[in-house]
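Subject: Handover of a two-chain model

Dear colleague,

Please find the structure below, followed by an account of what was found in it.

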Amino acid sequence: MRIVIAEDSAILREGLAQLLAMRGHEVVAAVPEPVALLAAVAEHRPDVAVIDIRMPPSHTDEGLRAAIELRQADAKLGVLLFSQYVETRFVRELLAAGSSGVGYLLKERVADLDEFTSALERVASGGTALDPEVVTQLFGSRQDRGLATLTPREREVLALMAEGRTNSAIAKRLVVTDRAIEKHVANIFTKLGLSASDGDHRRVLSVLRYLDGR
Amino acid sequence: MGGVRKTALMSQIWVVVRRVLREPLSARPLSELAYVLLAAPVTVLGVLYVVVSLAVGVALAVTAVGIPLISWAVPSTRGFAAFRRHRAAGLLGRRIPDPAPFRPPPGFLARVSAGLRDSIGWRAIGYLLLTLPLDALGLYVVAVTWARGLIALTYPLQFALGVNTSGFINGQVRQVVLVNGTVADTWPAVLLVSVVGVALLLAAPWVVRAFLRLDGLLMRRLLDGVGAAARIRDLERSRAYAIEDVAARLRRIERDLHDGVQARMVALTMNLTMLNETLGPDISPQSRNLLTAALDHAKDGIGELRHMVSGIHPPALDAGLETALGTLAARSPIPVDVRAELPERPTEAIETIAYFSVAELLTNVTKHSGADRATVELTEADGRLVLRVTDDGRGGADMEGAGTGLRGLTERVGTVDGRLAVDSPAGGPTVITIELPLHT
């Protein structure tokens, strides 16, 4: 993958670049603020941009604004928000324009490099990657009857789906067969009254819409 | 030696005499005179105003007009007191601080009640009533010193010009002047009267000043209840400063943690991950375990730090109250609707208090109400921030309820003169309204 990094902390910017290089990814630019990010993306046309949310000048949501702007200019560009906090409002804004090719991960997820790079690859190829913490919060805001009818296993599967994982990834994670996951997914969709749709991406979208409840 | 002492005594006497002789011609006695002459008529007007408005108010007390009339009259009397204070400052250099202006709360009944309880207004009324006889005394003092003295100085002129004469006395036509009805018909007698006049004029400034001491005593006693009011204003200022200072400090701590410790912990995690990568598969299981444990500790540390920081200063607050409340609502186990319409951003401390208040109220809703959903509304009314949390639960919440923390919350919003109202009939719904100033 060709990657642009926007992160105002120098140690994290360099650390992330090194980390990704170790897995053979090409970090074409690593910049400290949003204006340079827009320029770098325009110049290098990367597959994905990893963007810190709190950046200069005000250190509030500059990264989110830049991500939304980048997506408006180029819907094919993957953007992964990289933050120390989960702000559901920010997640919602990011997802408002669609869940394809977007992600939101907490910074400590770099602890598991396999997980981290696979999330990044998902985003780069038009998928979704949401931090488990984000999904927990979305679940939290939706304690309704539909969710209450799910078995613990089905809830687990739903959460992993919401994170943006494919059936086979979920199967691998839960150490069961693909066939078993497909059955769970079908049950979940029936119980929640969602129309089962083909394709991982549209499935994530309907799950997120449901969880977001608006 | 004796000669020197004598000279010193003489020069001291001379200083006093010169002072006494010059005093009536200096500016100060004239301002003091002007003060007495100006104050008295205004006092008369003030007493009339108070007597008439209170009498009418009492007479109409059985109607809907009476009490509001009194509640309006009491604070408006402050004007007379202010006039007096300002003249005293301008003419006498007697500085008594002004009280904080009367600011009634919104709402008719609240205004009436505040007016009736306006202690500064009542003190002004008391002052006017007590100062009326005192001002009469003041006018009398001026009349017997300044006026009498000046008139006495004119007798020689009157005698010489033949005015103020009674030409026909004891059957004879004589050149005389009448001093208070007493006949003076010789130059020595007329000049003696003038000497008395001069003495009166020399004494006048000191007598008037003695009277003004009384006036000052009364004024300080009644119109400077204000000392307390000024102190309250000072305390309010320093409290606002303290509250804002704490909010700013907490925010700085959050930023420092974010840019410092938290960033370093993430960097540490990255380094451990890289170490894990570079070591490859050929290390001992023991080393691998140690590395995995180190990674877990680093990751957990970041999580714990994040949790701690959100209790110090939620980072989302930097992006505004609405954003922060949105995140808070999303974390709630029951669905919460957030509606915010704020034309301007409150100060940092107010946003922080509003945020933590809503956090506590939403916790209450989840723990105690049995509600299916809740609404958080954020509006502005009369320059104040109004926060309303509504739930469709079983109601019955009250201030005394154990574990609801409503009392503590009331105390907390009270630190910035905020108010909390609970409306929670049995069976619900529960509406809790918090009112905060937009600025501390």
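Which residues of β3(A) are buried on one side, and which on the other? A:V48, A:V50 and A:D52 are buried on one face, and A:A49 and A:I51 on the other, which leaves both faces of β3(A) covered. A residue counts as buried if 20 or more other C-beta atoms lie within 10 Å of its own, as exposed if there are 12 or fewer, and as partly exposed in between, with the C-beta atoms placed from the backbone.

Before going further, some conventions. The model is predicted, and local features need pLDDT of at least 70, side-chain atom pairs count only at pLDDT 80 or more, and totals for chains, interfaces and linings use all residues. Residues are numbered from 1 along each chain as its sequence is written, while chains are lettered from A and ligands numbered from 1 in the order in which they are written. Helices (H or I, at least four residues) and strands (E, at least two) are DSSP runs, numbered from the N terminus.

The surroundings of β3 in chain A

Strand β3 of chain A covers residues 48-52. Strand β1 (residues 2-6) of chain A pairs with β3(A) in the parallel sense over four bridges; two strands pair if DSSP finds at least two bridges between them. The bridge partner of A:I3 in β3(A) is A:V48. Strand β4 (residues 78-83) of chain A is also parallel to β3(A), with five bridges, and here A:D52 stands opposite A:F82. From β3(A) the chain passes through helix α3 (residues 62-73) of chain A to β4(A) in a right-handed β-α-β crossover, that is, the path from the first strand over the helix to the second runs clockwise with the strands pointing away from the viewer.

A:R45, between α2 (34-44) and β3 of chain A, has a positive phi of about 40° although it is not a glycine. A:P57 is in the loop between β3 and α3 of chain A, and the peptide bond from A:P56 to A:P57 is cis, with omega near 5°. Most residues other than glycine have a negative phi, and most peptide bonds are trans.

The nonpolar cores

A nonpolar core is a set of buried Ala, Val, Leu, Ile, Met, Phe, Trp, Tyr and Cys residues joined through C-beta atoms within 7 Å. The largest has 73 residues, of which A:A49, A:I51, A:L80 and A:L81 touch the most other members. Its largest share, seven residues, comes from helix α9 (residues 226-279) of chain B. Another core, of 36 residues, lies apart from it and includes B:I353 and B:V365.

Where the chains meet

In all, 27 residues of chain A are in contact with 32 residues of chain B, contact being defined as C-beta atoms, placed from the backbone, within 7 Å. On the side of chain A that touches chain B, α1(A) gives the most, with seven residues.

The sheet in chain B

Chain B has 13 helices and nine strands. Five of its strands form an open sheet of mixed pairing, in the order β5-β6-β7-β9-β8. β5 (336-340) and β8 of chain B stand at the edges with a single partner strand each, so one side of each has no neighbour in the sheet. The twist averages 15° from one strand to the next.

Strand β7 (residues 384-391) of chain B runs antiparallel to β9(B), joined by eight bridges, and B:V386 stands opposite B:E435 in β9(B). Helix α12 (residues 348-369) of chain B packs on the sheet, touching β5, β6, β7 and β9 of chain B, and its direction makes about 15° with that of β7(B). Axes are lines fitted to C-alpha atoms, for helices over the stretch in contact, and angles run from 0 to 180 degrees between N-to-C directions.

With kind regards

Terms used:
Two residues are in contact if their C-beta atoms, placed from the backbone, lie within 7 Å.
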